[in-house]
Amino acid sequence: MSTAGAIEVPPERSLPPGQHLVAQAPIMHYGPVPRPRPDRWDFTVGGLTRAGVERRFTLEEVLGMPRVDVLADLHCSSRWSTLDEPWSGVAARALVEAVPPADGVEDVLVFAEYGYSACIRVEDLMSARAVLATHHDGEPLTQERGAPLRLIIPHLYSWKGPKWVRGWNYTAGPERGFWEERGYHVRGDAWREERYAYQE
Ligand SMILES: Nc1nc2c(c(=O)[nH]1)N[C@H]1C(S)=C(S)[C@@H](COP(=O)(O)O)O[C@H]1N2
Ligand SMILES: [Mo]
């Protein structure tokens with residue numbers, strides 16, 4: 001992808017190591033943009049749940065959960081970052097609270113359309129800044145940016161924020177998702193520069 005258009009970082013701000021600032025996030029994803037199919041859409045929380053069963057939510061049910069507004073940067077592992085993107089949507093923690101994991105479970109594999117997935121921690125989902133975004137910059141998410149729902153976890157590299165997210169499974173340990181299987185770090189904290197799997 002192009003890294004043209006690098007701009008200066010405002011003096012009062014810093015970026016994670018090895019990142020440079022761009023004015024606008026390029027649209028980036030692997031594979032095609034899924035067609036909207038609200039009638040068939042659901043959100044599933046499964047795997048090692050406390051209740052031992054998975055739960056499915058309709059879009060309406062998810063949208064009725066507690067909402068948050070978050071100002072968050074995007075940090076792509078290909079080294080571009082943006083600052084202060086305004087996201088709003090449903091608090092990821094609300095879904096964890098609705099369907100909690102079994103005791104001792106610390107990891108989830110978040111999944112999206114077309115088999116995209118990312119490994120993150122329950123703790124990351126519980127962060128007050130973790131949002132299942134429905135809006136960006138006050139406007140409904142566009143299809144290419146992940147409508148109807150896209151996960152944003154500000155301190156992680158943005159591959160850990162699936163667009164077109166459809167749910168997660170609680171797992172017994174970290175399970176590698178799409179990019180983690182292709183050489184990227186299982187944790188992916190941008191501030192610790194956990195970029196590649198060989199650093200684990
Ligand atoms: N479903 C899905 N979500 C995804 C990806 C993807 O390939 N598929 N790519 C990720 C990566 S690597 C980045 S950098 C961001 C890009 O977000 P943007 O297109 O809004 O800039 O989306 C993330 N979410
Ligand atoms: Mo990325």
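Which polar backbone atom lies 2.7 Å from an oxygen atom of ligand 1, that is, to which residue does this atom belong?

Analyst: The residue is Tyr 30: one of its polar backbone atoms is 2.7 Å from an oxygen atom of ligand 1. The model is a predicted one, and the distances that follow are computed from it.

In Lys 163, an N or O atom of the side chain is 2.5 Å from an oxygen atom of ligand 1. In Arg 145, a polar side-chain atom lies 2.9 Å from an oxygen atom of ligand 1. Taken alone, ligand 1 exposes 530 Å², and the protein buries 97% of that area. The ligand sits in the largest pocket. Its surroundings comprise 18 residues, and the closest are Pro 26, Met 28, Tyr 30, Arg 150 and Lys 163.

The peptide bond that joins Ala 147 to Pro 148 is cis, with omega at about 5°. Most peptide bonds are trans, and most residues other than glycine have a negative phi. Tyr 114 is found in the loop between β7 and β8.

Those two strands belong to an open sheet of five, arranged in the order β4-β3-β12-β7-β8 with mixed pairing. The edges are taken by β4 (55-57) and β8 (117-121); each has a single partner strand, so one side of each is left without a neighbour in the sheet. From one strand to the next, the twist averages 20°. Strand β7, residues 107-112, pairs with β8 in the antiparallel sense, and five bridges link the two. Among the residues involved is Asp 107, whose bridge partner in β8 is Arg 121.

Technical notes: Residues are numbered from 1 along each chain as its sequence is written. Chains are lettered from A and ligands numbered from 1 in the order in which they are written. This is a predicted model: local features need pLDDT of at least 70, side-chain atom pairs count only at pLDDT 80 or more; totals for chains, interfaces and linings use all residues. Side-chain values use heavy atoms; hydrogens and water are left out. Two strands pair if DSSP finds at least two bridges between them. Helices (H or I, at least four residues) and strands (E, at least two) are DSSP runs, numbered from the N terminus. Axes are lines fitted to C-alpha atoms, for helices over the stretch in contact, and angles run from 0 to 180 degrees between N-to-C directions. A residue is near a molecule or strand if one of its heavy atoms lies within 4 Å of it. A polar contact is a pair of N or O atoms within 3.5 Å; within protein, one must be able to donate a hydrogen and the other to accept it, and residues adjacent in sequence count only if both atoms are side-chain atoms. Accessible areas come from the Shrake-Rupley method with a 1.4 Å probe; for residues, only the protein chains shown count as cover. On a 1 Å grid over the protein atoms alone, a cavity is a set of points where a 1.4 Å probe fits but cannot get out, and a pocket is an open set with protein on both sides within 12 Å along at least five of seven lines; lining residues have an atom within 4 Å of a point. A molecule sits in a cavity or pocket if more than half of its atoms lie within 2 Å of its grid points.
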